[in-house]
Amino acid sequence: MTGSARRAVLAGTGVVVLLAGAELVGRTGIAGPSWPPLTEVASYLADPDRRATVVRAAQTTLTSAARGLVAGVVVAALAACVGLLLPPLRPGLDRLAALLHAVPVIALAPLLITTVGRETTPTVVAGLGAGFVMFVAFSSGLGLAGARSTHDDVFDVLGANRLRRLLRLQLPKSVPTVLDGLTLAAPAAVLGATIGEWFGAPRGLGVLIVSAMQNFQVNLLWSAAACATVLSLLAYGLTTAVQRVAVRRVA
């Protein structure tokens with residue numbers, strides 16, 4: 001058995017054990033009535049109307065997460081590039097990113113609801129979560145790419161300025177590190193969108209989770225939570241696949 005096949009078998013075994021354990025806890029009732037068997041949740045989702053409700057909410061969350069991820073990546077890339085091209089601004093940009101990341105979402109989201117609106121808040125929270133991760137990834141990648149190498153000597157001999165060196169040397173060399181960051185930023189965007197919806201968005205998985213929790217609709221609560229988990233795992237899996245392909249081509 002090859003190494004990749006062994007890892008796939010181990011991962012599959014782990015998932016089966018996890019699902020079996022969750023089913024056993026639900027069947028025995030040792031965690032109380034709020035932990036249903038997973039088969040009961042699956043039966044709940046088998047109903048077309050209920051499934052349509054969860055799917056519509058998931059589409060809304062996915063849209064907000066995707067928009068937030070794109071916005072976070074663009075802003076993070078611009079900020080990291082500005083910090084590299086204008087070194088005096090670098091410390092201030094680093095502190096600003098750390099400050100925004102340090103503000104608790106539970107304090108920030110209500111303010112966003114009153115400023116940018118209920119519809120936009122999930123996208124902004126998703127962008128903040130993904131943006132910080134990508135800022136660190138871009139800054140680290142560009143910093144590592146900025147280390148002296150024979151390529152730098154060639155650019156020095158050719159008289160390349162900072163912008164040309166950034167576009168033709170440092171950005172391409174930072175691709176593996178940036179893609180590593182993207183594998184973390186994509187799930188962070190899904191989490192941010194869900195949390196942003198929690199604080200008063202008109203629709204989405206976060207709204208569904210809050211509503212189900214307040215009305216003790218256990219199966220709906222677990223269905224929405226499971227759907228959010230699947231979205232995060234899909235985001236991680238997709239970005240990881242892209243990262244592996246890109247790294248093989250760059251290496």
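The structure holds 1 cavity of 30 Å³ or more. The model is predicted: local features need pLDDT of at least 70, side-chain atom pairs count only at pLDDT 80 or more, and totals for chains, interfaces and linings use all residues. Residues are numbered from 1 along each chain as its sequence is written, and side-chain values use heavy atoms, with hydrogens and water left out.

**Cavity**

- A cavity is a set of points, on a 1 Å grid over the protein atoms alone, where a 1.4 Å probe fits but cannot get out. Lining residues have an atom within 4 Å of a point.
- The largest cavity holds about 40 Å³ of space. A volume is the space filled by probe spheres set on the points, which are joined across faces, edges and corners.
- Its lining is made of Ala79, Ala80, Leu84, Arg90, Asp94, Phe135, Ser139, Leu142 and Gly143.
- Helix 3, helix 4 and helix 6 each give two or more residues to this lining. Helices are DSSP runs (H or I, at least four residues), numbered from the N terminus.
- Helix 6 provides the largest share of the cavity lining, 4 residues.
- By class, the cavity lining has 5 nonpolar, 2 polar and 2 charged residues. Ala, Val, Leu, Ile, Met, Phe, Trp, Tyr, Cys and Pro count as nonpolar, Asp, Glu, Lys and Arg as charged, and the others, Gly among them, as polar.

**Largest pocket**

- A pocket is an open set of points with protein on both sides within 12 Å along at least five of seven lines.
- The largest pocket has about 610 Å³ of space.
- Its lining counts 27 residues, and Gly127, Leu128, Gly129, Gly131 and Phe132 lie nearest the centre.
- Two or more lining residues come from each of helix 3 (48-85), helix 4 (90-102), helix 5 (105-115), helix 6 (121-145) and helix 9 (175-198).
- Helix 6 gives the largest share, 10 residues.
- The lining has 20 nonpolar and 7 polar residues, with no charged ones.

**Second largest pocket**

- This pocket has about 390 Å³ of space.
- Residues lining the second largest pocket include Val15, Leu18, Leu38, Val41, Trp222, Thr229 and Leu233.
- Helix 1 (3-28), helix 2 (38-46) and helix 11 (218-250) each supply two or more lining residues.
- Helix 11 gives the most, with 5 residues.
- The lining splits into 11 nonpolar, 1 polar and no charged residues.

**Aromatic pair**

- The count comes to 1 aromatic pair. Rings of Phe, Tyr and Trp (its six-membered ring) pair if their centres lie within 6.5 Å.
- Trp35 and Trp222 have ring centres 5.2 Å apart and planes at 50 degrees, so the pair is tilted. Planes under 30 degrees apart count as stacked, over 60 as edge-to-face and the rest as tilted.
- Trp35 lies in the loop between helix 1 and helix 2 and Trp222 in helix 11, so the pair ties together parts that are 187 residues apart in sequence.
- Trp35 is partly exposed at 30% relative accessibility. Trp222 is partly exposed too, at 24%. Buried means under 20% relative accessible area, exposed over 50%, and partly exposed in between (1.4 Å probe, protein chains only).

**Thr240**

- Thr240 lies in helix 11.
- Thr240 is buried, with a relative accessible area of 11%.
- Its side chain reaches the backbone oxygen of Tyr236 at 2.6 Å.

Conventions: Polar contact = N/O pair within 3.5 Å; in protein donor to acceptor, adjacent residues only side chain to side chain.
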